[in-house]
Amino acid sequence: MIDVNVSLSRWPFRRLPLDETSRLVERLREKGVTQAWAGSFDALLHEDMAGVNARLAAECATAGEGLLLPFGSVNPQLPDWEEDLRRCAEEHGMRGIRLHPDYHGYGFDDAAVPRLLDLAGEQGLIVQITLLMEDERTRHPLVGLEKVDAAPLVTLAKERPELSLILLNSQRVVRGAVQSELAAAGVCFDIAMQEGVGGIRKLMDQVPFEQILFGSHAPFFYFESAELKLRESELGETIRSAIERGNAEKVSGGRS
Amino acid sequence: MIWDLHCHLSGVEGRTPHERMARLIDYADRMNVDRLVVFMGMRWSTDPGPDDLRRQNDDVLEAISHWADRAFGFAYVSPKHIDASLEEIDRCIRNGPMLGIKLWVAQKCSDESIDALIKEVAGLKGAIYQHTWLKVGGNLPGESSPLDLARLAQRHPDVPLICGHSGGDWERGIRAIRPYSNVSIGTGGFDPTAGMMEMAVRELGPDRIIYGSDMGGRSLASQLAKVQGADIPAAARRQILGGNLRRMLLPILREKGIST
């Protein structure tokens, strides 16, 4: 199983049961995960993003037991963010990057976004965009974030058919026509925040199963939430296997 | 044994209550859930009048009628319509198959006008489920927070009450009802944020936590994960998944001669 949505380090607002990397890796292994794409909670609020990404790469290398792939973060609101992106690709050899537009305070209509996507594409990086970290109703009162409008992303994705673009935790933000248009543009979606009974089947009404990836949002969410969703929907072996692993392998170009 | 405190006839396919109930049972079977408590009808309203309450309760009565061995019902009532709600309690609980009441967002439960309903249901040994949320952006005008429920619990210290959604913001919700031993939390209808169940067991004890899902709007998977993924003792897990709800409902089930 490949989990495309885990995070390391500390959630800023509470300790989580699995926020020690060794414990997270142990749990993922128990659950049959052989590869997990890891971002860092530090990326949400820290401004020394180069430091965040270096620590993430080191943590994956030393404590990841061959299971964790680091996905560094890039904040295009920071000066010289291009250097962070370059280091992710060239110094850390990362397979992808993770963006947090809500925490970093920009929309997809920001002038830096097309350039960021182009540079990521040139480096052969997968781009993950986390649209939400938690239910906006339960955020810490001091965190006044705006929901990101995903509509401008449709055109950006259409104009870059070669770019591997994955939306994480998107279902409270992206629904209906925009979700269908993003899917038609080749964007992939994880299942961590897919809600409703039989949720994966419902997601498949909007998104082809080939573009649905297993993402748990652990350790912020209980890993079992995503795991049990695979049982809750009637998927059949072909679709289940694709969501569990095959689709992520295709996105990463067979490299793992 | 898994008993689900919190299920609805919304969010699933089906033209009739019967068809939707069959879908809920399909999902319950897939996830090994034995019993479902269902409340509210096919079309919801936040401030229902007497006719609407009756219609929604009729939907639930129809839905559970074919599933006596799998499904229970709670009557949807409103403190804004005391007489009509007392009639629904009479019709659906005293003289019908339902086992408790659901209170939603028409009026805060801290308002004393609700007391007539609480006393009536307590006299029938029925369960009382009160929706609660603590939204950082503000609640609906009539929407109760766990702090409102705490005030209700103070007025009725001997009546078991259920704090729906654990208050949504569960870190505050658990603290708000912690002093009131007659209040249990319902675990359904919010994200499967890790650590929630561990804190609840630590602060309330495992006998004050009742598993529920809020399906079909919520995933059975995400809601079961809060219990099945938590680092808690196996005995606590069993209590939360079914033992506590069964214990709460046992008096009224016995009154009605329903065997479980």
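View 1. A38(A) belongs to strand β2 (residues 35–40) of chain A, where helices (H or I, at least four residues) and strands (E, at least two) are DSSP runs numbered from the N terminus. The model is predicted: local features need pLDDT of at least 70 and side-chain atom pairs count only at pLDDT 80 or more, while totals for chains, interfaces and linings use all residues. Residues are numbered from 1 along each chain as its sequence is written, and chains are lettered from A and ligands numbered from 1 in the order in which they are written. With 29 other C-beta atoms within 10 Å, A38(A) is buried (buried: 20 or more other C-beta atoms within 10 Å of its own; exposed: 12 or fewer; partly exposed: in between; C-beta atoms placed from the backbone). Residues up to four places away in sequence aside, A38(A) touches V6(A), S7(A), L8(A), L56(A), C60(A), L68(A), L69(A), P70(A) and F71(A); contact requires C-beta atoms, placed from the backbone, within 7 Å. A218(A) is 180 residues from A38(A) in sequence, yet their C-alpha atoms are 9.6 Å apart in space.

**View 2. The open sheet of chain A.** Eight strands form an open sheet with parallel pairing, in the order β1-β2-β3-β4-β5-β6-β7-β8; strands pair if DSSP finds at least two bridges between them. Strands β1 (2–8) and β8 (212–213) are the edges, each pairing on one side only. Within the sheet, β6 (residues 165–168) and β7 (residues 188–190) run parallel and are joined by 2 bridges. L167(A) stands opposite F189(A) of β7.

**View 3. The buried face of helix α7.** Helix α7 (residues 176–184) of chain A has Q179(A), L182(A) and A183(A) buried. Viewed down the axis of α7, the buried residues fall within an arc of 100°, so they line one face of the helix; the arc is that of the directions from the helix axis to the C-beta atoms. Helix α6 (151–158) is among the elements that cover these buried residues. After α7 comes G186(A), with a positive phi near 95°.

**View 4. Chain A as a whole.** The chain contains 10 helices and 8 strands. Its radius of gyration is 17 Å, close to the 18 Å that the globule rule gives for 256 residues, so chain A is as compact as a globular protein of that length; the radius is taken over C-alpha atoms, and the rule is 2.2 Å times the number of residues to the power 0.38.

Methods:
Contact = placed C-beta atoms within 7 Å.
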